[in-house]
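Please keep the sequence and the structure in view while reading.

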Amino acid sequence: HVDRNEMKGKTFYTDRTRGSYLRYTLKHRTNKILSLLEQFLEKKGNKYPKKILDIGCADGLMTEEIIKHLRHNFVLGIERNTNFILPPKMNKASYLYGDGCILPMKDEVFDAIIVSACFKHIPNPKEFSQEMLRVLKRNGIVIICEPRPYVLKFGVWVGKFQKRWLFNVWSLKEYQGFLANIGFRTLYSTYYMPPIPLGNNLESFLKKFRIHLFFLHQVGIFQK
């Protein structure tokens with residue numbers, strides 16, 4: 001794991017593209033989000049294009065993969081840290097700088113919002129969540145992915161995270177309760193991503209028998 005608040009964009013991007021473990025976590029999280037987008041946006045019908053917002057997209061690597069795989073949709077990444085750089089082939093038209101608490105969009109614009117490894121860094125989660133609610137269309141969805149609390153606490157202990165940047169070290173249950181008070185309902189939640197690549201069969205086995213301790217990350221889908 002990398003604490004994005006402690007790094008310049010170039011270092012963050014280089015580590016995520018060259019480090020084998022960081023490549024694994026990024027790829028696993030991206031694939032999970034893609035599968036959920038395809039599954040839950042299809043439930044809303046086949047009218048295209050869908051509009052998807054990736055808040056806190058950092059260097060844009062995940063945003064770019066979503067654009068490639070969901071090419072019939074409109075995908076926009078937004079990031080407030082101007083230190084981050086764009087990947088060399090990134091389409092700059094689909095990436096902008098901005099604050100997730102003051103989104104420069106009209107009401108009810110997006111079908112889906114992605115918040116990947118970002119929510120824990122938000123110092124004012126109520127304002128942030130209300131802003132997501134504002135720009136989502138009716139029945140729109142928010143996908144939130146974060147490391148589990150014990151992973152974040154261990155990361156602080158070994159020096160991978162700085163505690164001063166972790167404002168919301170929450171479990172899935174805490175996310176569900178908090179977002180319910182904002183106006184969201186939970187559609188789906190689960191744990192995923194073992195600490196090492198295990199293959200789909202072994203990962204499915206762990207999920208089947210609810211051996212959740214071995215999964216490092218959690219994801220929830222919340223609907224307006």
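A cavity is a set of grid points where a 1.4 Å probe fits but cannot get out, and its lining residues have an atom within 4 Å of a point. The model described here is predicted. A search of the whole structure finds two cavities of 30 Å³ or more, an open sheet of seven strands is present, and zero disulfides are found.

**Cavities**

- The second largest cavity has a volume of about 30 Å³.
- Its lining consists of Ile144, Cys145, Glu146, Leu172, Tyr175, Gln218, Val219, Gly220 and Phe222.
- Two or more residues of this lining come from each of the elements E5, H6 and E7.
- E7 gives the most to the lining of the second largest cavity, with four residues.

- Helix H6 spans residues 172–182 and lies across strand E5 (136–147), E6 and strand E7 (217–223).
- The helix runs at about 20° to E7.

**The sheet**

- The seven strands of the open sheet follow the order E3-E2-E1-E4-E5-E7-E6, and their pairing is mixed.
- Strand E3 (95–97) and strand E6 (185–192) stand at the edges; each has a single partner strand, so one side of each is left without a neighbour in the sheet.
- On average, neighbouring strands of this sheet are turned by 15° against each other, direction ignored.
- Strand E1 (residues 51–55) and strand E4 (residues 110–116) run parallel and are joined by four bridges.
- Ile55 stands opposite Val115 in E4.

**Cysteines**

- A disulfide is a covalent bond between the sulfur atoms of two cysteines.
- The search of the whole structure finds zero disulfides.
- Cys57 is in no disulfide, and the nearest cysteine sulfur, that of Cys118, is 9.2 Å away.
- Cys57 is buried, with a relative accessible area of 5%.

Conventions:
Residues numbered from 1 in each chain as written. Predicted model: local features only at pLDDT ≥ 70, side-chain atom pairs only at ≥ 80, totals over all residues. Heavy atoms only, no water. Disulfide = S-S within 2.5 Å. Buried < 20%, exposed > 50% of the residue type's maximum accessible area, 1.4 Å probe, protein only. Pairing = 2+ DSSP bridges. Axes fitted to C-alpha atoms, helices over the stretch in contact; angles between N-to-C directions. Contact = heavy atoms within 4.5 Å. 1 Å grid on protein atoms, 1.4 Å probe; cavity = no way out; pocket = protein on both sides within 12 Å on 5 of 7 lines; lining within 4 Å. Points joined across faces, edges and corners; volume = space filled by probe spheres on them.
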